[in-house]
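User: I have a model open and want to go through some of its local features. Can you take my questions as they come?

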Amino acid sequence: MNAESNVPVPTGVNHRENEQTRFSRSDRIWRGWFPLANLAVLTVFMLYVDGTSPVHKDHLDLWDTSIFRLAGWVWAEGGVPYVDYWDHKGPLIFFANLIGALVGGPDHGVFYVDVALMGISMVFLWKILEVMGERLSVVVKTFVLWITVAWIAYLLVPNLNVTETVCMPFLTAALWLALRDMRRMRESDDASVAIVTAYVQGLAGAASLLTRVTNALPVCVCVLVLVVMLCMRKQWLPLIQCAAACIGGFLTLTVPFAVYFAMHNAFGEFLYGTVIFNLSYASGSSPEVAPGITVIGRILAVPVAMVIVALVHMIRMRSVSSEQVLLLIAGLLLSVLFLKTEMFLHYAVIAAEFIPIILALILTCMRTRWMQVTSLVVILAALMGMTVYQERISHGTPYNNEIVASVIEEAGDETVALYNLPAEAYLRYGLKPIYPYANLQDWQGKFSLEFRKRLLETYGSAKAEYLVVAKTNDLKEPAIQPILDSRYRLVLSVDQTPDGPISVYRRVG
């Protein structure tokens with residue numbers, strides 16, 4: 001036996017070591033179970049509010065998500081986006097639905113992808129809270145986290161399969177890293193923007209371009225503030241390094257898609273669907289129906305709160321920080337963006353990542369934790385109630401159009417094309433698009449002469465023996481009316497269907 005083993009050890013030392021061991025063990029258990037508990041709650045929550053979840057019926061007509069699910073299904077079946085099925089979105093949203101189609105089929109598979117995306121977003125939202133709300137308790141930060149998630153769900157019900165959901169992990173990661181570096185640079189004159197921060201800003205910008213380009217606005221503001229900070233500190237070498245890293249991040253995500261489409265002779269179509277058409281859409285679109293006051297309120301609530309909280313905090317603290325400037329500029333630009341574009345609720349989701357900053361600044365002004373928790377409980381309860389109500393009135397009956405079904409059954413799915421009918425019709429009846437421009441034809445055509453030209457060229461081939469055409473108010477007559485007059489004859493016309501008046505045409509000869 002070693003002689004040193006007989007030396008008595010002070011009782012206090014053993015006590016402190018035991019306390020540290022118990023604390024570290026408790027901390028590991030907490031950190032292990034806390035994310036899993038939040039993920040479990042998120043899954044249950046999304047099972048209820050998301051129309052693509054397995055607890056909801058098949059073939060609910062969920063508007064845009066049906067388009068994305070159809071694109072994912074076509075891709076999973078060996079097709080190429082923009083060639084075999086076209087939509088004016090970036091391929092990243094189609095890729096998410098491709099994974100969903102491969103994992104669980106086109107009806108519910110994307111649900112599991114969206115749960116994963118929202119879970120990743122929650123991780124970075126929590127990290128934002130750790131930067132901005134370091135003095136807040138775990139309980140308070142948890143309420144803030146779930147208020148942010150509930151707000152996103154409230155905007156997106158009845159489904160979360162939108163471009164903003166796909167972008168959110170990138171946007172939240174970019175915001176967290178930017179805030180972290182701003183804090184470091186304020187505390188130390190030697191600190192600078194980390195290379196990884198610039199790289200992730202590039203990734204987030206690419207993710208926006210590959211879904212909906214306007215999603216990049218928060219990233220642009222982050223980059224602007226960081227560049228100004230580097231210039232004010234005369235850190236020219238880090239500025240050059242960060243610029244290179246940002247470009248590298250952008251290329252990391254865009255190059256693989258560009259190479260894929262180039263290899264499939266579809267690079268031009270990829271650019272047209274991602275950028276060129278959207279320029280026509282942005283310049284030609286205007287609100288067709290005036291949004292209600294509640295819709296306007298939901299869309300502008302967060303951006304307006306960003307501006308107000310930033311200004312009040314500047315006045316109260318009698319100082320200006322980079323975080324406040326970021327919040328103010330982003331709030332102003334988001335408000336302008338939402339007012340200038342069509343007021344779709346899902347556009348406003350990109351502002352939700354700023355909710356933790358807003359609430360963290362407000363909560364730090366409250367004197368007691370009781371006031372903090374009480375306020376957050378009321379907000380969360382109200383949001384959950386409104387979300388549940390919205391869910392109950394949003395999910396309709398499964399899509400069914402007997403006229404479409406009978407034409408497909410009689411003619412065979414390889415000879416029927418649908419025009420102006422929803423994307424869900426293809427999924428409902430297992431109908432693969434014969435033409436890439438397969439739905440929303442006249443709606444998309446009203447924004448672009450080039451698109452209408454493409455419609456005439458594509459449908460002029462008359463590959464489809466039968467055309468099922470729904471009447472819309474987007475154009476005075478279908479853009480392909482010359483093709484219908486010259487190559488087809490009307491065989492059936494029905495005024496009342498779930499999709500409005502429908503005409504069935506059969507190819508002549």
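**Backbone and packing**

Analyst: Start with Tyr82: its relative accessibility is 1%, so the residue counts as buried, the cut-off being under 20%. Keep in mind that this is a predicted model.

User: Where is Tyr82 found?

Analyst: Tyr82 sits in the loop between H2 and H3. Its phi is positive, about 75°, although Tyr82 is not a glycine.

User: Is Trp63 buried or exposed?

Analyst: Exposed: the relative accessible area of Trp63 is 53%, and the cut-off for exposed is over 50%.

User: Which residues does the cis peptide bond join?

Analyst: Val157 and Pro158, with omega at about 25°. Pro158 lies in the loop between helix H4 (138-156) and H5. Most peptide bonds are trans.

User: Which residues of H11 are buried?

Analyst: Among them are Ser322, Glu323, Gln324, Leu326, Leu327 and Leu328. Further along H11, Ala330, Gly331, Leu334, Ser335, Leu337 and Phe338 are buried too.

User: What do those buried residues pack against?

Analyst: Five helices are listed here: H3 (91-132), H5 (163-187), H7 (217-232), H10 (293-317) and H12 (355-363).

User: Now the strands. In which sense do E1 and E2 pair?

Analyst: Parallel, over four bridges, with E2 made of residues 466-470.

User: Which way do the side chains of E1 point?

Analyst: In E1 (residues 416-419), Val416 and Leu418 point one way, while Ala417 and Tyr419 point the other way. All of these are buried.

User: Last topic, the surface. Which residues make the nonpolar patch?

Analyst: Ile247, Leu251, Val255, Val259 and Met263 make a nonpolar surface patch of about 470 Å².

User: Where is Met263 found, and is Met263 buried or exposed?

Analyst: Met263 is in helix H8, residues 236-263. Met263 is exposed, at a relative accessible area of 64%.

How values were computed:
Residues are numbered from 1 along each chain as its sequence is written. This is a predicted model: local features need pLDDT of at least 70, side-chain atom pairs count only at pLDDT 80 or more; totals for chains, interfaces and linings use all residues. Side-chain values use heavy atoms; hydrogens and water are left out. Buried means under 20% relative accessible area, exposed over 50%, partly exposed in between (1.4 Å probe, protein chains only). Helices (H or I, at least four residues) and strands (E, at least two) are DSSP runs, numbered from the N terminus. Contact means heavy atoms within 4.5 Å. Two strands pair if DSSP finds at least two bridges between them. Patches are made of residues with over 30% relative accessible area and no salt bridge: like charges are joined within 9 Å, nonpolar side chains (Val, Leu, Ile, Met, Phe, Trp, Tyr) within 5 Å. Accessible areas come from the Shrake-Rupley method with a 1.4 Å probe; for residues, only the protein chains shown count as cover. A salt bridge is a side-chain nitrogen of Lys or Arg within 4 Å of a carboxyl oxygen of Asp or Glu.
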